[in-house]
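Here is a short briefing to read beside the structure. Please keep the sequence at hand as you go.

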Amino acid sequence: MSPQPTSDTAKGPDDAAESQATLSKEIADIESAYTEDVDGGKKPETQPRLDYRPYRSSILRHPTKDPRHADPETIELFSPAFGHRDIGTLESDLTIQADGEPIGERIRVTGRVLDGQGRPVRNQLVEIWQANSAGRYIHKRDQHPAPIDPNFTGVGRTLTGDDGSYSFTTIKPGPYPWKNHHNAWRPAHIHFSLFGSEFTQRMITQMYFPGDPLFALDPIYQSITDRSARDRLVATYDHDITEHEFLMGYRWDIVLTGADRTWMEEEDDD
Amino acid sequence: MTDHTATPDLTPTPGQTVGPFYGYALPYDHDSELVPPGSARAVQLTGVVYDGAGVPVPDAILEIWQPDENGVVPRETGSLRRNGFTFTGFGRAAVDPEGVFSFSTVDPGPTEADKAPFISVVVFARGLLNRLFTRIYLPEHTEALAADPFLSSLDEAERNRLIATRGADGSLRFDIRLQGEEETPFLRFPGHED
Ligand SMILES: [Fe+2]
């Protein structure tokens, strides 16, 4: 562990003395101030706040100056190209990467990656990582005393199709405890890493599952102060994706920021 | 094929922090080696990521994306499985426990005549709720730097913080400060709300 001057330096659960009630009050106060602002005519927010005190690790890690407006230049109007040489075809199925079957609820998560104009983001890299069904990551810093699943690494990669679609077969992750405050638990989530057709669209986010009782308590999810914006991170259960006697299906579409480059006939390079 | 079924102006999906557990997922073999280290054209790009207390951040991960020495924007695939010969222009580097990152790359060339070349950077970290974009300019192109419209929109101290320092061994040094007096200027592109 490295030195961290913030309150997330807790060495263990007992050091994280702040209660959920304290955190929930902060979360509620920020949201009600935000709602008042929007009612007063302020434009709704669509992204998380970088300065969001309830997520204690953000206190010393958010810029305090406004970002500088920049018009994207040539390199930023392109994205790195990924292709089939970059990824094995089995990397989108997280349930077949070991000799045995991982334990948990088998699911498929599928959807489309679109730009702000609704155009599919084609042949681009999508990476995911997640905890296993017990809420444990294969990561040396994860100290949660839940079992590691020898048949599950929780890492997947794929390329989007011509319609911007992606699909992963995996196991539903469990919620897990963290040290933001006492008895802090993250809602179950899958981390998603996305590239667009321009580097300015690069983003990393987290996908959640519908109806999670931890949503209201979680400072990371709640750092998106706008309710409808937060909802965009929640997948939809889709029985048409669910497969008979095999897996449960979830749909989640991702919209990247608008591409600035004039849409060009450049889809000849794969 | 151009897609004409576009729906205008969808609202972007919100970002979220990369969290602490990306370490077994995002890094990959040779991820930070856009060219093989020690090869004739290789330039080391290195620096430290600091938080607002001046403490190195041990759990940040950076990506760079850049043209080659001649200003050509790479369109080659193969960044995830490097063959040692193809310059793909993309690299990824998780910082070490002291907050230090290091890439093996080349000096980018200008994509247009007289333009100041730069390396595009995106920063992710635990505790950072959304990605940050910035640019690393090269110190040598003094005329192009002076004429650059974006750099000219910054005050001198901020401008200097976007220009790397050249080491005697040819390496580029560029520190990233997430917060504070010496905070790195981060960029907002049109269409970004944060
Ligand atoms: Fe996580």
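The points below cover confidence, the metal site, selected strands and a few loop residues.

This is a predicted model. Chain A has a mean pLDDT of 91. Its iron ion is held by protein donors from two tyrosines and two histidines, A:Y137, A:Y176, A:H189 and A:H191. Strand β3(A) is largely enclosed by the rest of the structure, and so is strand β6 of chain B.

**Confidence in chain A**

- In chain A, 90% of the residues reach a pLDDT of 70 or more.
- Residues 1-14 of chain A fall below 50. Beyond near neighbours in sequence, this stretch still has 26 contacts in the model.
- Residues 263-270 of chain A also stay under 50. The model gives them 13 contacts beyond four places in sequence.
- Where pLDDT is low, predicted coordinates should not be read in detail.

- Along the chain, the donors follow the spacing Y-x38-Y-x12-H-x1-H.
- A:Y137 sits in the loop between β3 (125-130) and β4 (155-159) of chain A, while A:H191 belongs to strand β8 (residues 189-194), so this pair ties together parts 54 residues apart in sequence.
- Why is the arrangement of the 4 donor atoms irregular? The angles they subtend run from 91 to 156 degrees.
- For four tetrahedral donors, the ideal angle is 109.5 degrees.
- A:Y137 is buried, at 1% relative accessibility. A:H191 is buried too, with a relative accessible area of 2%.

**Strand β3 of chain A**

- Of the 6 residues of β3(A), 6 are buried, so the strand is largely enclosed by the rest of the structure.
- A:L125, A:E127 and A:W129 point one way from β3(A). A:V126, A:I128 and A:Q130 point the other way.
- In a regular strand, side chains alternate between the two faces of the sheet.
- β3(A) pairs with β4(A) in the antiparallel sense, over 5 bridges. There, A:L125 stands opposite A:L159.
- β3(A) is also joined to β8(A) by 5 bridges, and these two strands run antiparallel. A:Q130 has A:I190 of β8(A) as its bridge partner.

**Strand β6 of chain B**

- Strand β5 (residues 118-125) of chain B pairs with β6(B) in the antiparallel sense over 6 bridges. B:S120 stands opposite B:R135 in this pairing.
- β5(B) and β6(B) form a hairpin with 6 residues between them. In the turn, B:G127 has a positive phi of about 85 degrees.

**Positive phi in chain A loops**

- Most residues other than glycine have a negative phi.
- A:N183 has a positive phi of about 60 degrees, although it is not a glycine. A:N183 lies in the loop between β6 (176-178) and β7 (184-186) of chain A. With 54% relative accessibility, A:N183 counts as exposed.
- A:E245, also not a glycine, has a positive phi near 55 degrees. A:E245 is in the loop between β10 (236-237) and β11 (248-251) of chain A. Its relative accessible area is 76%, so A:E245 is exposed.

**Two further loop residues**

- Is A:R56 buried or exposed? A:R56 is buried, at 2% relative accessibility. This residue is found in the loop between α1 (20-39) and β1 (68-69) of chain A.
- The side chain of A:R56 makes a polar contact of 2.7 Å with the side chain of A:E18.
- B:E182 lies in the loop between β9 (176-177) and β10 (187-188) of chain B. B:E182 counts as partly exposed, at 46% relative accessibility.
- Leaving aside neighbours within four places in sequence, B:E182 is in contact with B:R161 and B:R177. B:E182 and B:R161 are 21 residues apart in sequence and 7.9 Å apart in space, C-alpha to C-alpha.

Technical notes. Residues are numbered from 1 along each chain as its sequence is written. Chains are lettered from A and ligands numbered from 1 in the order in which they are written. This is a predicted model: local features need pLDDT of at least 70, side-chain atom pairs count only at pLDDT 80 or more; totals for chains, interfaces and linings use all residues. Side-chain values use heavy atoms; hydrogens and water are left out. Donors are N, O and S atoms within 2.8 Å of the metal (3.2 Å for Na, K and Ca); water is not among the atoms, so sites may look incomplete. Four donors count as tetrahedral if all angles lie between 85 and 135 degrees; four count as square planar and six as octahedral if opposite donors are over 155 degrees apart and all others between 65 and 115; anything else is irregular. Helices (H or I, at least four residues) and strands (E, at least two) are DSSP runs, numbered from the N terminus. Buried means under 20% relative accessible area, exposed over 50%, partly exposed in between (1.4 Å probe, protein chains only). A polar contact is a pair of N or O atoms within 3.5 Å; within protein, one must be able to donate a hydrogen and the other to accept it, and residues adjacent in sequence count only if both atoms are side-chain atoms. pLDDT is the predictor's confidence in each residue, from 0 to 100. Contact means heavy atoms within 4.5 Å. Two strands pair if DSSP finds at least two bridges between them.
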